[in-house]
Amino acid sequence: MTLILHYAPDNASLIVRLALEELELPYETRLVDRSVRAQDSAAYRAINPHGLIPALETPDGVLFETGAILTWLEGRAPGRLAPVADDPARGDYLKWLFFISNTLQTSVRMIFYPEKYCPGHEAALRANMSVQMVQHLDRVEAAVRGPFFGGDTLSCIDLYLPPLLRWCALYPGGGTDWFDPSRFPALMELCRSVEARPATLRAIAAEGLGDAPFSAPTAPEPPEGSAT
């Protein structure tokens, strides 16, 4: 069975697309058109009842939640994008993957969509979460061990962080002055390392993200659909 990725350009589905390309797994894409709120449609809710992007159709059923999808994918090719189960490095990998998925990505969403979390107090929530995000990123920066997060070997963590950093620099328009890339040199080097990979070049071309989408991001120009 070919995997089917339900995606929108420059959304969390980009992280999954990067993993699919790295593993060279056959997959097809289905656009979730955010410009018409297709994520709220009955058809998409039948795939992902939470109405969030991405979802991945697999032989094991539909998967949602980016961290869960990545964990399923790295299990299809053990050792390629994560330490295997009996590797002593597995625990360290998992704790950071789940921190990025559960805490870092959630904090980014709260900055982007404060009205969904605290209606009527959007400015205060955004200001508070921006301070917290800098603290989170300081800790992630201190944990980077080489050109990739864990050293010389690419993992799912390295595919997760660059898109999050890209979004911190771009979104929401006019509200990104809290994010200073120069504060995070190790993370910026990680972004450049990921950008140079053939799999990344294929993914960013498919979504119209430009030549340096993580280290020097610009607004997307997707060939189909809308990023927002």
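Two residues are in contact when they have heavy atoms within 4.5 Å of each other. Keep that in mind as we walk through this predicted model, where local features need pLDDT of at least 70, side-chain atom pairs count only at pLDDT 80 or more, and totals for chains, interfaces and linings use all residues. Residues are numbered from 1 along each chain as its sequence is written, and side-chain values use heavy atoms, with hydrogens and water left out.

Five of its five residues are buried, so strand 1 is largely enclosed by the rest of the structure. Buried here means under 20% relative accessible area, exposed over 50%, and partly exposed in between, with a 1.4 Å probe and protein chains only. In a regular strand, side chains alternate between the two faces of the sheet. Here Leu3, Leu5 and Tyr7 lie on one side, Ile4 and His6 on the other, and both faces are covered.

Now look at the neighbours. Strands pair if DSSP finds at least two bridges between them. Strand 1 runs parallel to strand 2 (residues 27-31), with five bridges, and antiparallel to strand 3 (residues 55-58), with three bridges. His6 has a bridge partner in each: Arg30 in strand 2 and Ala55 in strand 3.

Finally, find Ser13 in helix 1. With 0% relative accessibility, Ser13 counts as buried. Leaving aside residues up to four places away in sequence, Ser13 touches Leu5, His6, Tyr7, Ala8, Ile53 and Pro54.

Methods. Helices (H or I, at least four residues) and strands (E, at least two) are DSSP runs, numbered from the N terminus.
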